[in-house]
Amino acid sequence: MVEVESLRVVRCGGSELNFRRAVFSADSKYVFCVSGDFIKVYSTATEECVHILQGHRNLVTGIQLNPKNHLQLYSCSFDGMIKLWDYIDGILIKTFIVGCKLHALFTLACAEDSVFVIINKEKPDVFQLVSVKLPKSSSQEIEAKELSFVLDYINQSPKCIAFGNEGEYVAAVRDFYLSVYFFKKKTTSRFTLSSSRNKKHAKNNFTCVACHPKENCIATGHGDGKIRLWRNFDDEKKYTYTCLHWHHDLVMDLAFSVTGSSLLSGGRESVLVEWREAAEKNKEFLPRLGATIEHISVSPAGDLFCTSHSDNKMIIIHRNLEASAVIQGLVKDRNIFTGLMIDPRTKALVLNGKPGHLQFYSLQSDKQLYNLDITQQEYINDYGLIQIELTKAAFGCYGNWLATVEQRQEKETELELQMKLWTYNKKTQGFVLNTKVNMPHEDHITALCFCNAEKSENPTLVTTSKDGHFKVWILTDDSDIYKKAVGWTCDFVGSYHKYQATNCCFSEDGSLLAVSFEEIVTIWDSETWELKCTFCQRAGKIRHLCFGRLTCSKYLLGATENGILCCWNLLSCALEWSAKLNVRVMEPDPNSENIAAISQSSMGSDLFVFRPSEPRPLYIQKNISREEVQWGVFVPRDVPESFTSEAYQWLNRSQFYFLTKSQSLLTFSTQSPEEKLTPTSKQLLAEETLPTTPFYFILGKHRQQQQDDKLNEALKNELVQLPLTENIPAISELLHTPAHVLPSASFLCSMFVNSLLLSKETKSAEEIPDDVSMEEEKESVDSDEENNFTEKVQDTNNTDLGKDIIHQLSKSEEKELRKFRKVDYSWITAL
Amino acid sequence: MAGYKPVVIQAYPVLGEKITQDTVYWNNYKTPVQIKEFGAVSKVDFSPQPPYNYAVTASSRIHIYGRYSQEPIKTFSRFKDTAYCATFRQDGRLLVAGSEDGGIQLFDISGRAPLRQFEGHTKAVHTVDFTADKYHVVSGADDYTVKLWDIPNSKEILTFKEHSDYVRCGCASKLNPDLFVTGSYDHTVKMFDARTNQSVISVEHGQPVESVLLFPSGGLLVSAGGRYVKVWDMLKGGQLLVSLKNHHKTVTCLCLSSSGQRLLSGSLDRKVKVYSTTSYKVVHSFDYAASILSLALAHEDETIVVGMTNGILSVKHRKSEAKKDSLPRRRRPAYRTFIKGKNYMKQQDDILINRPSKKHLELYDRDLKNFRISKALDRVLEPDCAIKTPEITVSIIKELNRRGVLANALAGRDEKEISRVLNFLIRNLSQPRFAPVLINAAEIIIDIYLPVIGQSPVVDKKFLLLQGLVEKEIDYQRELLETLGMMDMLFATMTRKESTSLLQHNTSDGFLENKKIES
């Protein structure tokens, strides 16, 4: 890093995958989804992200395959642009500038060179469906200003618009009516639900719409869980509808299968329902998908479905309703109670995930590693249900122990608390429940922390609670003569004048425990659990508490609710310094003395990095985020960076991540946007001409190896033409002889395998003096012709191969051929 | 996708004795047979040979009992005074016993008159034993001496006068014919070697020694005296291995189980304790009606015989395990069908696909999985489940509450069904572990059935009962709080440090105090 640029706040992954319906490629090998400003291309088979299409400057709001070329993809965004991509190579082909905020995108096969978008013109709540003519031009950026109005006053969500029967009509729903626009007649019909006219709080408003691909049939989902199938809607008087009712909560999305034979629906129950033949009786379920189904999409080939869920997850489902792949991003739709933690083993970010789960999220690969089920209870997703919340978690002893606290409070007096201690099992590579403590305290647990000192032989955990106590839990040997067991028991209960205990913190060497009781900080000796001293600043309740590290371990820091940051010296037991700073987040860096504090003001959040030994901050970054920052964490770097600039040295060994109230995960980076935005995965999509059969693995690998060999040898300029597998007579004999006249496979096997192994021998053959007689040279010409395919391959690989080598090649090739002929004869005689 | 997660049943620690393989083993005895003897039973000894008869020494008689006989099959009563320590020889054919007058008598099991009489002790002989070569007898007496006798010519061979108090117990080594140990009231246990004229090892027990025991290997010595049982390593020259203090009164007798894995000790505190000989932890204990003086285990631990001070002999036989096999065997599929496909060896290219193992779900879980909430509640309110495992019922009620459907599940019940729910509440409401869940359920029931109250006298009675229960509970809580206040005050005056109160409060209270159920 020669020239350090200014430090910028960058978003680091974890963007929504479930914002819009996913789109499948024509061959169902890839699935596309919008993800913030990007479009992500995932493989449906491996769940791997193969490409990230970057170029939009704002939230991408819609993607569709180009109906004329299924290897291209259209996307639209809030930045007013429609872009056309080649998703195989991840290249932007064209950009159409529309100019106004685009909310959704639709394409139609019959609509020549125009697409449909949702825009809002005047009022913020009024949305229009317009068709945009995409002008033909060779330039990269084209203005597309030719908009033609289709439908007005529609819902902004693309779920509420559907094109039906190969583009004959478009159906839109909003509130309590369904409008259908017929392109040929250019008329709009409007249908209102009769029962809803006079009711104010009727629940049967429209939520989504889908159109049958072949017939004139529209399916609409409603807030009361009903699905209505509309027919004969070209006549405003004679229209009919039938009802399908299984969902008990609103229908989130609907989709017809490609042939239209079945209808898929999903909602908050997290159950995918397949209605066969649109009949109430024939329905199939795929239950327990984990979270509310937000979107359903169907692959054009018809073999796969994809459901997007509210927990930032996409599930690829087979036609026979079997989930085949799960693409899981950072789960973000809930409150983060546990804060951000780093798993010492995997260096993964750990925080609340699915309800009752702890998610382990890899920051490097922007991928969820796994979910740890903490509550171990069947999750019932229902509106207004009070769920068990995972409120606290902490890692201890280098990731060997994990403590979690879950609570559920239905009424003021009924609090269910449970503390669980998990041990890391090396054999299964996961956490296993060790101890379960019911009601560890009589009131909410406010903090818990492990003693992470290196020399401590006995793991120790401290919990503080609003009931005025703090408890020390230690690991005890529970084993008897029958089995070996360890478990956690309460070792000590402390309190201080019945104040609520709010925070706790162990010093770095584990000798001291600091517990804050509202305004007062108490210091306890961790050997004897004696109260050593107390600090009180009368500056409001203590919000954060932490000890200094390394050279600053004699300092204790406390941030109060009234916006005072205090630093006490533990040797003199006196206040060292204090500063007026409304600290929201205070995090010590595990690798240095630095402490990061994020303060909150009306202007925004500011970052201060300082050492406890001096009140002057090392680094200040103003206005890192407009909204409130909730949590932060230092993540140790694998490879330390070396920033020369003194201001950035605090980032040398750790990286700082923080989470804002709207749950975007941000970090600091000095790299320029381009550098940062280089695609993470550069690998080429494999050319899919060869099917990956087991036979391919034998032959394809063989050929690959040959090509590599050839390349190497070409570099050495003593190139030897190697035979292609197709040209080995034994193989062609084997493949072209009818199976019923061949001897048994076991008999042929060794010969066949031997013929494949010949490539090694050719190298040695090269050293044998060339004793090819002249008359045999004629055949070498033939073999040249046979091998021209090989040469082509070779040419593509290495274009600077001279023609003069070909002759050489043919000679050695010819030598090979003779050898094969021998093999061949022996094979026949063996018959 | 993850399957259905069964309801977590809250497990509560079982109060009282833990069930281990030892408690199962030692509880597997029939109810004891009581046999009344003429005086305190000072010694019980099993014949080492089948049919494993045992000799019981009580008062001036020695009774030989058969294994299952309640009456003695033979009696030796030719003692002028109290007999002591009737012991079988290794072959089970000879029996030796000491007596209060200092004489030692040797009997043939089949005969009646003594074969030999060894005269030489001046005071009561409390311990006699055969040496490993079968031809000598070791005896210890209240005249502080230990003597070795030759059986064939009934002569005294050696006399050891090293003890300074009564010699009350002894034991000969089973391997070496020349070694034997004696324990005395002078607090020592001494090991003698007949080849030398003196003791070879002497250990200090600390209390008058009542019983000694050599392990079959001869490497370990166990001595009992006072409240202590001590184990000594003889191969290390009498080093104390472990000292066990598990009895409240003097330990009087020791015994090894037939496997050698367990050590039993009987004491005047009326208990027999079973120790593991690897960890020396108590793994089980038996209670008896009176102070225990003697204890013996039959071959393969088939019988435990305990003699007590009140002259009662308690005999416990192991329950026979053959009974289980006598049940009519169900016809099973033929062996051929049974192993079909099981012995197939996986070939190299075979891909093994296991049949997906079916997860077993409890019936209530199956109901909950299908959202049959009332059915699930009915199922756990069956008397079988509600009485035996109330924690399952409570867990299901809690789960229904978590799902927000408890009111639906409780509603719409007739008189019989609602009284079943109320019965369960009445039985378990006052238990602190169930109270938070059940109080909530009770409130819901009252809310639902308030409009129809008074229609059924049965249900009304139950409601009144419940009300009484709650009132009583509130009274208890008030009293508890008062006591707690008093104790707090006492502690406050006692603790010097005012800043910290290290007292952990009683956690079980506070559930009910702010709960009032109006019905």
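A residue counts as buried under 20% relative accessible area, exposed over 50% and partly exposed in between, with a 1.4 Å probe and protein chains only. By that cut-off, buried residues make up 54% of the 831 residues in chain A. This is a predicted model, in which local features need pLDDT of at least 70 and side-chain atom pairs count only at pLDDT 80 or more. Residues are numbered from 1 along each chain as its sequence is written, and chains are lettered from A.

Chain A holds eight helices and 57 strands. These are DSSP runs: H or I of at least four residues for helices, E of at least two for strands, numbered from the N terminus.

Now turn to chain B. Helix H7 (residues 390–402) of chain B and helix H10 (residues 435–449) of chain B cross at roughly 60 degrees, their axes coming within 10 Å. H7(B) is therefore oblique to H10(B). Angles under 35 degrees count as roughly parallel, over 145 as roughly antiparallel, 65 to 115 as roughly perpendicular, and the rest as oblique. Val394(B), Ile397(B), Lys398(B) and Asn401(B) of H7(B) meet Val437(B), Leu438(B), Asn440(B) and Ala441(B) of H10(B). Contact here means heavy atoms within 4.5 Å.

H10(B) also packs with helix H9 (residues 415–428) of chain B. The angle is about 145 degrees, and the axes of H9(B) and H10(B) lie 11 Å apart. From H9(B), the contact residues include Ile418(B), Val421(B) and Phe424(B). H10(B) contributes Leu438(B), Ala442(B), Ile445(B) and Tyr449(B).

Technical notes: Side-chain values use heavy atoms; hydrogens and water are left out. Axes are lines fitted to C-alpha atoms, for helices over the stretch in contact, and angles run from 0 to 180 degrees between N-to-C directions.
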